[in-house]
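Take a look at the model below. We will go through some paired side chains and then a pocket.

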Amino acid sequence: MTQTTTRPQFLPLPCDTNYAGHSPLQTSCTGTEMWTPIIRCPAPFAVEFFEKAVEQLVDHPEYNSTLILRSETLNDVRKDAAMLPQDLAYCDLEGYRPVRAIRRRLLPRRPGRDASLEQTCVFYAAAVTAGTEDVASLLVLTPLLKVGEALPYYHPAVRRLAVRYVQNIQESSGEESETTLAHGMLLIEAVLLPSGPTPPHPPDPNSRLYRTCLALLDTVHRYGWGALTHYRKRVHHDMLVPREAYQDLYLVLRERYKHLVSQWKEATDPAKHVFEDVGIATFLMLFWKATYGSRDTSIEPDVDRGDPADASTMPWKNWPRPPGGFLDLGCGNGLLVHILVSEGYAGRGIDVRARQSWSHYPEATRKALHVYSLDPTCYLQQCSSLTEPEGSTAYPESSDDTRNDVGTDFFKPGVFLIGNHADELTPWVPVLATLCDAAGYLSIPCCAWGFDERFTRSSTSTHEEENTDDESAFIETLNLGAEGTRKSQYSVYRIWLARLSRWMGWKVECEVLRIPSTRNWGILIGRERLCVEGDGELYKERAREIVGEIVRRGVFKTRKPEGKARDH
């Protein structure tokens with residue numbers, strides 16, 4: 001019989017006092033506690049999948065509450081009941097025995113508003129179910145409060161909360177008279193606070209406690225079905241930077257730059273752009289720390305580390321960084337440059353026109369932002385870098401003049417290139433990185449562009465022969481998510497960019513960034529180059545061939561600086 005992959009309908013029902021399908025939990029750890037059933041639903045999976053579902057619930061409480069950042073496991077014991085530490089505050093429950101106990105700390109997403117909370121998560125197995133002696137069918141969550149402490153807002157107002165799986169229950173299908181034989185039933189029960197409803201009367205279905213339990217029950221129902229049908233996540237986050245380190249630094253930087261939301265000078269959505277760039281800066285700082293920390297390089301880091309005293313409150317001031325600084329191609333409003341420069345990272349941003357925000361940044365950021373018309377085809381004229389001699393201030397007089405003029409060596413060896421929704425410049429990022437001996441690059445593609453025209457499936461060369469077996473394996477590594485096929489234009493574009501990066505001699509690594517954008521997939525390069533004889537000259541020759549091909553087509557035109565370019 002073929003197993004359907006469509007999740008059965010979630011059919012929750014409140015547990016009223018007239019429901020006699022089961023007995024509430026009975027506890028003997030204290031004579032004053034009484035369990036109150038709150039909500040139930042049919043379980044379309046067996047008890048072994050319930051255990052996997054609640055394990056996911058314990059590991060990732062943030063999936064069920066936007067107010068929780070994550071949990072940290074302090075202790076995890078898998079032993080007989082007699083071996084469990086007494087400070088875990090578990091209860092003796094009739095018909096159940098504890099088989100695992102976790103002590104965790106819940107961390108709030110807004111530490112300035114909510115406090116962290118320690119909590120015990122005890123798994124129980126039914127004592128009388130044959131064949132499932134070691135399979136958990138009950139999870140009891142108990143907050144640990146000191147005298148005088150109150151529960152934080154993100155935690156339900158209960159002393160204990162239980163999620164239970166009861167086997168072989170015939171459950172009514174909503175308002176229909178028919179019944180369906182489910183594998184079992186999911187049930188949420190609680191030991192209510194003195195200020196709550198009087199046991200055994202359940203809370204009002206309109207109350208916050210009931211809504212919280214409803215969401216929790218839906219989550220367990222979904223996780224259990226996912227375990228049964230071998231659900232695979234569409235995308236994987238935190239492949240290159242640990243989640244915990246990212247979240248901790250992000251919260252710090254978010255506090256430092258959230259004021260820019262109310263001071264936004266552009267016509268775009270302030271919250272989206274501010275917190276998106278805070279997220280990208282957080283990721284880059286941690287990636288650079290991990291990538292360049294142990295790398296031996298002869299290039300002297302181009303950075304002023306500032307006051308050594310800052311290291312105590314801002315440790316990233318002394319973190320490793322790209323030896324040639326960073327260069328943000330098509331930097332737009334300049335916010336990412338502003339954040340990185342303000343945190344002590346040397347680098348610059350270039351764009352064909354200044355934005356209104358630029359003049360409102362501090363002097364250090366203003367000096368790092370340049371109106372600059374980038375012409376990648378200058379490499380055909382044997383330019384070793386996209387620069388004019390020192391002191392040059394001339395601007396091109398015609399569109400066929402391939403000079404780029406600012407008098408600043410942007411593309412120095414060891415620079416880290418950033419292409420954040422760089423549009424027309426996106427495909428040029430790996431080519432330029434190869435030609436200028438960059439330390440690496442991050443490309444977050446948005447609009448699909450080829451080198452000199454809009455990207456199409458047929459008009460853009462792939463620059464290498466395809467091996468079907470190897471190509472399928474390569475695509476699997478790209479973390480493309482639900483679009484990990486050739487069905488969508490955006491998916492095909494990302495595959496093409498990844499193959500172009502590989503053709504340029506870079507080991508391709510991809511990350512789905514934790515930023516508020518639907519275009520959050522990035523090609524991240526910088527850990528390794530592909531090894532070839534000749535010190536990379538083969539890849540530079542490939543890059544020059546691409547540039548030559550674009551010049552021969554005659555379609556590419558360098559955009560001229562717009563606005564008051566000479567003022568920046």
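**Charged pairs and a pocket**

The side chains of K367 and E363 form a salt bridge, 3.2 Å from N to O. A salt bridge here is a side-chain nitrogen of Lys or Arg within 4 Å of a carboxyl oxygen of Asp or Glu. Side chains of opposite charge can pair when their charged atoms come close. K367 and E363 are 4 residues apart in helix 6 (residues 363-368), so about one helical turn separates them. Helices (H or I, at least four residues) and strands (E, at least two) are DSSP runs, numbered from the N terminus.

This is a predicted model: local features need pLDDT of at least 70, side-chain atom pairs count only at pLDDT 80 or more, and totals for chains, interfaces and linings use all residues. Residues are numbered from 1 along each chain as its sequence is written, and side-chain values use heavy atoms, with hydrogens and water left out.

Is K367 buried or exposed? K367 counts as exposed, at 57% relative accessibility. E363 is partly exposed, with a relative accessible area of 47%. Buried means under 20% relative accessible area, exposed means over 50%, and partly exposed lies in between (1.4 Å probe, protein chains only).

Now go to helix 4. K272 and E276 both lie there, 4 residues apart, about one turn of the helix. Their side chains meet in a salt bridge of 2.7 Å, N to O. K272 is partly exposed, at 29% relative accessible area. E276 is buried, at 4%.

A further salt bridge links the side chains of R544 and E537, at 2.4 Å from N to O. R544 is partly exposed at 30% relative accessible area, and E537 is partly exposed at 41%. Elsewhere, salt bridges that share partners join R70, E72, R103, R105, E118 and D248 into one network. How many salt bridges does the structure hold? The count is 23.

Next comes the largest pocket, with about 970 Å³ of space. A pocket is an open set of points on a 1 Å grid over the protein atoms alone, where a 1.4 Å probe fits, with protein on both sides within 12 Å along at least five of seven lines; lining residues have an atom within 4 Å of a point. Of the 40 lining residues, G330, D351, H421, A422 and D423 are the closest to the centre. Helix 4 (270-292), helix 5 (335-342) and strand 12 (347-351) each supply at least two lining residues. Helix 4 gives the largest share, 4 residues.

Conventions
Grid points are joined across faces, edges and corners, and a volume is the space filled by probe spheres set on the points.
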